[in-house]
Amino acid sequence: MSTLPARRGFFRNAMNALVEARQREASRYVNGALLCLDDETLNANGYDREELKKAANSLYV
């Protein structure tokens with residue numbers, strides 16, 4: 001029996017976890033930058049401050 005498929009699964013899972021963590025980090029960074037903008041600019045670009053705050057809080061769970 002070969003252990004090669006198990007190794008690929010392990011490394012694939014590790015890479016997927018790394019990519020997911022980086023995506024969450026990027027989302028936190030972008031939400032933080034957007035929350036620094038005033039409400040008029042946010043609304044003009046289709047964002048809502050309350051939705052950004054909710055999204056920011058859900059990222060930490």
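This is a predicted model: local features need pLDDT of at least 70, side-chain atom pairs count only at pLDDT 80 or more; totals for chains, interfaces and linings use all residues.
Which side chain meets that of E20 in a salt bridge?

Now select E20 together with R24, for R24 is the partner: their side chains form a salt bridge with an N to O distance of 3.1 Å. Both residues belong to helix α1 (residues 4-35), where, being four residues apart, they are separated by about one helical turn. E20 is partly exposed at 46% relative accessibility, and R24 is likewise partly exposed, at 33%.

Staying in helix α1, select R22 and E25, which lie three residues apart and are again separated by about one helical turn. Their side chains meet in a salt bridge at 2.8 Å, N to O; R22 counts as exposed at 52% relative accessibility, whereas E25, at 39%, counts as partly exposed.

Finally, select D39 and R49, whose closest N and O atoms are 2.5 Å apart in a salt bridge. D39 lies in helix α2 (residues 39-44) and R49 in helix α3 (residues 49-59), so this pair ties together parts that are 10 residues apart in sequence. Colouring by accessibility, one finds D39 partly exposed, with a relative accessible area of 43%, while R49 is buried, with 18%, because buried means under 20%. A search of the whole structure finds three salt bridges.

Definitions and conventions. Residues are numbered from 1 along each chain as its sequence is written. Side-chain values use heavy atoms; hydrogens and water are left out. A salt bridge is a side-chain nitrogen of Lys or Arg within 4 Å of a carboxyl oxygen of Asp or Glu. Helices (H or I, at least four residues) and strands (E, at least two) are DSSP runs, numbered from the N terminus. Buried means under 20% relative accessible area, exposed over 50%, partly exposed in between (1.4 Å probe, protein chains only).
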